[in-house]
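Opening the notebook on this one.

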Amino acid sequence: EVRRRNLIPRFTDAKHATPMGTEYDCGDYGAALEAALAAARYDHLRAEQAARRAAGGPVALGIGVSCYVEVTAGPMPGGEVATLEVHPDGSATVLTGSSPHGQGHATSFAMLASELTGIPLERIEVKWGDTDLVPRGDGTMGSRSLQLGGSAVLRATEAVVEAARVAAAGLFEAAPGDVVLDAAAGVFHVAGVPALTRTWAEVAAAAGGLREEREFKSESTTFPFGAHVAVVEVDTETGQVRLRQMVTCDDAGRLLNPDLVEGQRHGGIAQGVGQALFEEVRFDEDGNPQTSNFADYGFPSAAELPSFDLVSLETPTPYNPLGAKGIGESGAIGATPAVQSAVCDALAHLGIRHVDIPCTAERVWQAIQAARTNA
């Protein structure tokens with residue numbers, strides 16, 4: 001209820017200026033919270049928790065809720081460069097200054113070029129990281145790549161389409177304004193004469209190849225947001241914590257590829273859970289690291305994680321032509337406080353208000369023993 005009172009009301013048609021001077025692009029924070037609570041069946045969880053406490057069993061149930069707003073494509077507005085080349089054989093190459101490391105840029109950028117041109121996805125190659133081909137670019141950071149790099153690809157592709165219409169007009173002996181690209185079929189024709197067509201290969205060959213470079217600069221940063229609900233079971237006899245359920249509603253503006261977004265969310269949530277329950281760099285009294293390898297440093301595997309429940313919400317940003325916001329860090333931002341809050345909530349009836357992260361079995365058990373001693 002405190003969150004409901006304090007969340008900024010829905011604003012999707014105009015920016016919201018905070019007292020600190022930051023301008024949020026668009027948001028519907030209350031909708032994210034309500035969607036996450038509904039998917040988690042929050043009222044049922046509270047009823048189950050009350051029943052468990054009344055029964056006095058050793059396994060306590062805890063529910064944690066977090067709401068967040070994050071900044072992406074920042075902290076300062078920036079830009080990105082992209083080039084699209086269509087070769088005489090009808091294939092295409094996208095050159096981008098945004099260098100990926102597993103996020104799926106090649107898929108997203110090729111999808112953009114394919115959708116606008118009709119060139120099959122398998123005939124579009126995305127290249128990056130070679131300064132002979134791409135002399136400039138700001139790279140990958142701050143969940144910015146689709147917003148800036150993708151928008152640059154969009155602009156370069158639109159420019160190539162216009163150049164191709166001019167080239168096709170010469171083949172048709174028509175005015176460029178009368179030439180139409182049928183992107184579904186990947187062919188050009190004169191308006192009203194769909195039977196006579198020219199392929200991308202024919203147009204590109206006649207033009208000696210088509211190449212356009214564009215830079216996209218955002219007018220401001222974007223602000224994704226979300227709400228996470230974590231449900232944990234805590235064995236009060238051993239301190240062991242089990243994450244039973246994780247429900248998240250993470251806004252990323254308009255989604256280009258939902259599968260890639262789902263992967264980003266799953267990875268981020270797992271990282272956030274790891275910080276809350278497992279991951280810690282520890283030192284002894286002399287400052288020697290005690291977690292110097294992965295045998296000592298705990299992190300979650302699939303065995304420690306449930307299947308996450310992902311609730312969708314899209315509030316397209318006006319700051320780029322794709323309407324996209326970042327998603328790479330959202331899961332890690334919302335999951336950690338939700339899980340820690342769930343652990344504390346599970347122990348609240350014992351008089352425990354706080355447990356430091358990571359909430360390991362040892363730490364939870366010590367907190368329980370201290371509470372019982374104090375009682």
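**Helix pair**

I started with the handedness: α7 crosses α8 in a right-handed sense. This is a predicted model, so I keep that in mind throughout.

Next I looked up who makes the contact. On the α7 side I find Arg265, Gly268, Ile269, Gln271, Gly272, Val273, Gln275, Ala276 and Leu277. On the α8 side I have Gly331, Ala332, Ala335, Thr336, Val339, Gln340 and Val343. Sorting the residues of this contact, I get eight nonpolar, seven polar and one charged.

Then the geometry. α7 covers residues 258-277 and α8 covers residues 330-346; I get an angle of about 40 degrees, with the axes 7 Å apart. Angles under 35 degrees would count as roughly parallel, so I log α7 and α8 as oblique to each other.

**Sheet**

I moved on to an open sheet of three strands, ordered β7-β8-β9, with antiparallel pairing. Which strands stand at the edges? I note β7 (179-182) and β9 (193-199); each has a single partner strand, so one side of each lacks a neighbour in the sheet. From one strand to the next, the twist averages 40 degrees.

I checked β8 (residues 187-190) against β9: four bridges join this antiparallel pair. One pairing I wrote down is valine 190 with its bridge partner valine 193 in β9.

**Helices on the sheet**

Helix α5 (residues 145-172) packs on the sheet and touches β7, β8 and β9. I have its direction at about 55 degrees to that of β8. Helix α6 (residues 200-207) also packs there, touching β7, β8 and β9. For α6 I noted about 55 degrees to the direction of β9.

Technical notes. Residues are numbered from 1 along each chain as its sequence is written. This is a predicted model: local features need pLDDT of at least 70, side-chain atom pairs count only at pLDDT 80 or more; totals for chains, interfaces and linings use all residues. Side-chain values use heavy atoms; hydrogens and water are left out. Axes are lines fitted to C-alpha atoms, for helices over the stretch in contact, and angles run from 0 to 180 degrees between N-to-C directions. Helices (H or I, at least four residues) and strands (E, at least two) are DSSP runs, numbered from the N terminus. Angles under 35 degrees count as roughly parallel, over 145 as roughly antiparallel, 65 to 115 as roughly perpendicular and the rest as oblique. A crossing is left-handed if the near helix is turned anticlockwise from the far one by less than a right angle, and right-handed if clockwise. Contact means heavy atoms within 4.5 Å. Ala, Val, Leu, Ile, Met, Phe, Trp, Tyr, Cys and Pro count as nonpolar, Asp, Glu, Lys and Arg as charged, and the others, Gly among them, as polar. Two strands pair if DSSP finds at least two bridges between them.
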